[in-house]
Amino acid sequence: MKWLPLLAAQLARADAVLVRVHSSRGSVPREAGAWMAVFPDTVLGTVGGGRLELDAIAAARNHLLQLGAAPFTQRYALGPSLGQCCGGEVHLQFERITVQDSAAVLQRLQPPRWPVALFGGGHVGQALVDVLGNLPFVVEWIDSRDGIFPAAVPDNVRCEHSDPVQAAVVGLAPQSRVLIMSFSHAEDLDIVAACLTRQRAQGDLPYIGLIGSQTKWATFRHRLEARGFSAAELAHITCPIGVPGIHDKRPEVIAVAVAAQLLQVPTEPKAAA
């Protein structure tokens, strides 16, 4: 995502060849849709690095010299001939692009982004926003307190004040991954209950994560059972959050562990707008 503004600016100065992974088989460094833009004197993006990328850059710059040449696709076997041992094969598509193509190309290269609802503007919430700002998510950052959000946030983050905070759950985008880490355990409990109520009615929250220990979750579980939620419904809650095996509790480390877990959540075919 970070390359797109640079691509638009660079296309205003020179033509490029857009190199995209069209398809692949077996073990390969990048997925279909990965791209790089090759200019006469610079390269933006990557299709996987190594000899594959070096050969693709050379082919792209040769294509740049041929005005009017048609787009083409080339097969690369990731074996001894390329000095690589991935064992798969990649088909790269080469296409000359100009400043006149800029708007259409940027739209085509825009990656899918998945909705995240982040409840809580504390230290971990702020660290998470910094991490998620570089990942394929659209973040709705929600808190009940005034003046809690920083003056500047990443472009993919929208701040929302909600009091009571759990009232925001109703309006969350479908397929939101929900992270709950407010300043108050009482608020956390109400947000979890609101998410479970929505999940019962709509089933469209693939991940509901609650920050805290197993002891905190045991207490919450008893209180939520008292509110009428079943064991099957409560099993949908992830607590503690973050990929296992990381014990450092610094906010920035927790943020990386939680972001990694969000990337593991199965995605629906339709991305957030």
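A pocket is an open set of grid points where a 1.4 Å probe fits, with protein on both sides within 12 Å along at least five of seven lines. In this predicted model, the second largest pocket has a volume of about 420 Å³. Its lining comprises 16 residues, of which Pro-240, Ile-241, Ile-246, Lys-249 and Ile-254 are the closest to the centre. Sorted by class, nine of the lining residues are nonpolar, five are polar and two are charged. Pro-240, one of the residues closest to the pocket centre, is located in the loop between β11 and α8 (251–263). The peptide bond that leads from Cys-239 into Pro-240 is cis, and its omega is near 0 degrees.

The protein chain as a whole contains eight helices and 11 strands. Its C-alpha trace spans about 70 × 40 × 35 Å along the principal axes. Of its 273 residues, 44% count as buried. Among contacts between residues at least 6 apart in sequence, 60% join residues at least 24 apart.

Arg-20 is positioned opposite Trp-35 in β2. On the other pairing of β2, three bridges join it to strand β3 (residues 43–45), again in the antiparallel sense. Ala-37 stands opposite Leu-44 in β3, and the bridge partner of Val-38 in β3 is Val-43. In a regular strand the side chains alternate between the two faces of the sheet. For strand β2 (residues 35–38), both faces are covered: Trp-35 and Ala-37 are buried on one side, and Met-36 and Val-38 are buried on the other.

Leu-65 lies in the loop between α2 (50–64) and β4 (72–77). Leu-65 counts as exposed because its relative accessibility is 70%, and the cut-off for that class is over 50%. The C-alpha atom of Leu-65 is separated by 51 Å from that of Val-124, which is 59 residues away along the chain.

A further open sheet has six strands in the order β8-β7-β6-β9-β10-β11, and here the pairing is parallel. Its edge strands are β8 (157–161) and β11 (237–238), each of which pairs on one side only. Helix α4 (residues 123–132) packs on this sheet, where it touches β6 (114–119), β7, β8 and β9 (177–180). The direction of α4 makes about 165 degrees with that of β7. Strand β7 (residues 137–143) pairs with β8 in the parallel sense over five bridges, and Asp-143 stands opposite His-161 in β8.

Backbone geometry was also examined. Most residues other than glycine have a negative phi, and most peptide bonds are trans. Two residues in the loop between β8 and β9 are of note here, namely Pro-164 and Gln-175. The peptide bond from Asp-163 to Pro-164 is cis, with omega near 5 degrees. Gln-175 has a positive phi, near 70 degrees, although the residue is not glycine. With a relative accessible area of 19%, Gln-175 is buried, because that class takes in values under 20%.

Conventions
Residues numbered from 1 in each chain as written. Predicted model: local features only at pLDDT ≥ 70, side-chain atom pairs only at ≥ 80, totals over all residues. Heavy atoms only, no water. 1 Å grid on protein atoms, 1.4 Å probe; cavity = no way out; pocket = protein on both sides within 12 Å on 5 of 7 lines; lining within 4 Å. Points joined across faces, edges and corners; volume = space filled by probe spheres on them. Nonpolar A, V, L, I, M, F, W, Y, C, P; charged D, E, K, R; others polar. Pairing = 2+ DSSP bridges. Helix = DSSP H or I, 4+ residues; strand = E, 2+ residues; numbered from the N terminus. Contact = heavy atoms within 4.5 Å. Axes fitted to C-alpha atoms, helices over the stretch in contact; angles between N-to-C directions. Buried < 20%, exposed > 50% of the residue type's maximum accessible area, 1.4 Å probe, protein only.
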